[in-house]
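Before the points of this note, a request to the colleague who opens the structure for the first time: please keep the sequence beside the view while reading.

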Amino acid sequence: MSSPIPTKDAKIELKNVHKRFGKKIVLHDLSLTIPKGKSLVVIGGSGSGKSVMLKCMLGIIRPEKGSIKVDGKEVTRLPGSDREKVLTKFGMLFQNAALFDSLPVWENVAFGLIQGRNMRRKDAKDIAIEKLGQVGLAPEVGDLHPAELSGGMQKRVGLARAIATDPEIIFFDEPTTGLDPIMADVINDLIVNSVKELGATALSITHDMASARKIADYIAMIYKGEIIWAGTRDEVDQSGNEYVDQFIHGRADGPIQMDVLKP
Amino acid sequence: MNPLAIIGNVVLTALGETGRLSLFTWTAVTHILRPPLYWRLIGQQMMRIGYFSLPVVALTSFFTGGVLALQIYYGSDQFNSESIVATIVALGITRELGPVLAGLMVAGRAAAAIAAELGTMRVTEQIDALTTLSTNPFKYLVVPRIVAAVITLPALVFVGDVIGIFGGFVVGTQSLDFNSGVYIKTTVDFLELDDVTSGLIKSSIFGFIIAVMGCYQGFHSKGGALGVGRATTNAVVISSILILAANYVMTSLFFSS
């Protein structure tokens with residue numbers, strides 16, 4: 001299908017990306033464009049290939065075929081040191097925050113500054129405390145360890161870490177999963193504000209439609225490793241695509257069939 | 001199922017695992033040789049792997065030295081050659097029992113801890129998070145553990161050697177009525193520098209095996225808590241077997257002439 005997302009001024013561009021694990025094809029000639037400075041949300045069910053797509057872009061997983069470009073530069077098969085340079089443009093909020101258990105909160109937030117940019121620890125700590133403030137956490141939280149925080153607070157710390165280096169691109173992996181509706185909305189607001197303040201390009205993957213509607217400029221749907229629909233946030237309700245309709249309304253009946261044993 | 005297919009499957013799996021381990025080890029070694037090294041993390045790991053293993057290594061060495069003295073005494077008593085007790089305790093501890101027992105003890109303690117820590121980091125995406133923060137997980141996680149283990153194991157074994165010989169001395173002088181001066185003189189006269197250094201070289205290799213197996217198993221764990229548990233068990237079992245096998249090979253090389 002031809003994507004209605006503008007391909008001009010693309011920050012990230014995926015073309016015919018293909019990835020399989022054993023016999024299972026996870027990404028099937030997937031093509032997607034993320035325009036510079038815009039927020040794209042990819043929706044899709046569990047096991048549809050969302051997380052693998054994200055990890056391919058970050059170089060954590062290498063696709064068998066296809067091209068991934070960041071700022072027009074091919075990054076699919078970059079060697080280690082060049083990849084580390086490209087990754088300085090990225091920030092990422094993981095589904096379960098993925099905070100480092102052994103480090104206090106402030107050092108988690110400042111990690112990219114200290115290790116990635118060789119900043120002095122004291123200067124990095126000042127920035128970390130400032131970023132914690134931006135996500136609504138008091139400076140004292142900086143001295144706690146991740147295990148002492150609630151799920152919502154961990155997500156906020158993860159967000160502070162994602163924005164600490166003022167990245168050009170931010171990925172959000174299921175940012176609201178496991179949170180109550182109010183905390184989910186707080187996180188959504190923080191994401192919108194952070195992306196706006198930084199002028200960053202954002203890519204989120206989620207199956208939470210309330211979150212998608214709030215943080216997206218564009219929405220794309222992935223199904224069986226392919227992008228089957230893409231459009232603006234306002235177009236999603238009139239997509240004319242039965243897969244998208246079934247997904248956004250959360251119906252069990254429709255073209256998407258779940259593998260459940262029936263009595 | 002066809003028995004040949006089963007055998008083929010086992011052989012292919014073993015070869016695949018060997019290949020992955022070899023590549024992992026090669027990548028780790030190349031990262032050790034290329035700066036930067038995280039000295040602060042190396043220091044932390046030296047404390048965890050070395051310093052905190054000291055009590056268990058010290059106790060093991062002490063009792064092993066003591067029991068060695070008893071057994072040699074009861075054996076040599078039949079031939080009226082009790083005077084060899086001090087010599088055999090010193091040689092046995094420095095050449096074999098010191099490094100092997102310290103290696104096995106640290107494998108049980110440190111390899112398990114490394115595999116569990118890295119395995120948990122893998123399944124909770126903390127290792128992926130390192131990558132997104134422009135930090136090479138090999139440099140940050142694997143290299144400090146290997147360097148720390150290679151440096152601290154010989155230090156641990158040296159302390160263990162001293163305590164093991166002391167264990168033999170205590171049993172020899174307190175239970176077997178050896179003269180303390182004669183016991184010490186016999187030990188010093190017969191113990192050569194090569195006996196100690198061969199044990200220290202062995203222990204350095206054991207440290208490398210322990211850290212690589214702990215890191216490899218942790219790095220490749222998957223499947224949640226069950227996977228982390230499996231990685232931990234594999235790290236201890238495989239590193240223990242490799243330590244015993246490597247000890248045989250090194251003993252053959254060092255003492256064959």
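The model is a predicted one.

1. The cavity. How many cavities of 30 Å³ or more does a search of the whole structure find? The search finds one, and the volume of this largest cavity is about 80 Å³. Its lining is made up of 14 residues, and those closest to the centre are F90(A), G112(A), T165(A), L133(B) and S134(B).

2. At least two residues of the lining come from each of β6, α3 and α5 of chain A, and β6(A) gives the most, with three residues. By kind, the lining of the largest cavity divides into seven polar residues, five nonpolar and two charged.

3. Helix α5 of chain A. One of the elements named in the previous point, helix α5(A), runs over residues 151-163 and has 13 residues. From its first C-alpha to its last it reaches 19 Å, which is close to the 18 Å expected at 1.5 Å a residue.

4. Is α5(A) mostly covered or mostly uncovered? It is mostly covered, since 10 of its 13 residues are buried, among them G152(A), K155(A) and the run from R156(A) through V157(A), G158(A) and L159(A). The buried residues of α5(A) pack, within chain A, against β6 (90-93), α3 (105-116), α4 (121-134), β7 (169-173) and α6 (181-198), and they also pack against α5 (126-132) of chain B.

5. The second largest pocket. The space in the second largest pocket comes to about 740 Å³. Its lining has 33 residues, with G45(A), S46(A), I256(A), Q257(A) and M258(A) lying nearest the centre. Two or more residues of this lining are given by each of β2 (24-35), α1 (50-58), β9 (218-223) and α8 (242-249) of chain A. The lining of the second largest pocket divides into 13 nonpolar residues, 12 polar and eight charged.

6. Cysteines. Over all chains, a search of the whole structure finds zero disulfides.

7. F178 of chain B. This residue, F178(B), lies in the loop between α6 (137-174) and α7 (180-190) of chain B. Why does F178(B) count as buried? The relative accessibility of F178(B) is 19%, and the cut-off for buried is under 20%, so F178(B) counts as buried. Leaving aside residues up to four places away in sequence, F178(B) touches Y73(B), E82(B), V85(B), G172(B), T173(B) and Y183(B). One of these, E82(B), is 96 residues from F178(B) in sequence, while the two are 9.4 Å apart in space, C-alpha to C-alpha.

8. G43 of chain B. The residue G43(B) has its place in helix α2 (residues 39-50) of chain B. With a relative accessible area of 32%, G43(B) is partly exposed. Between G43(B) and T131(B) there are 88 residues of separation in sequence and 23 Å in space, C-alpha to C-alpha.

Technical notes
Residues numbered from 1 in each chain as written. Chains lettered and ligands numbered in written order. Predicted model: local features only at pLDDT ≥ 70, side-chain atom pairs only at ≥ 80, totals over all residues. Heavy atoms only, no water. Helix = DSSP H or I, 4+ residues; strand = E, 2+ residues; numbered from the N terminus. Buried < 20%, exposed > 50% of the residue type's maximum accessible area, 1.4 Å probe, protein only. Contact = heavy atoms within 4.5 Å. Disulfide = S-S within 2.5 Å. 1 Å grid on protein atoms, 1.4 Å probe; cavity = no way out; pocket = protein on both sides within 12 Å on 5 of 7 lines; lining within 4 Å. Points joined across faces, edges and corners; volume = space filled by probe spheres on them. Nonpolar A, V, L, I, M, F, W, Y, C, P; charged D, E, K, R; others polar. Expected span 1.5 Å × (residues − 1).
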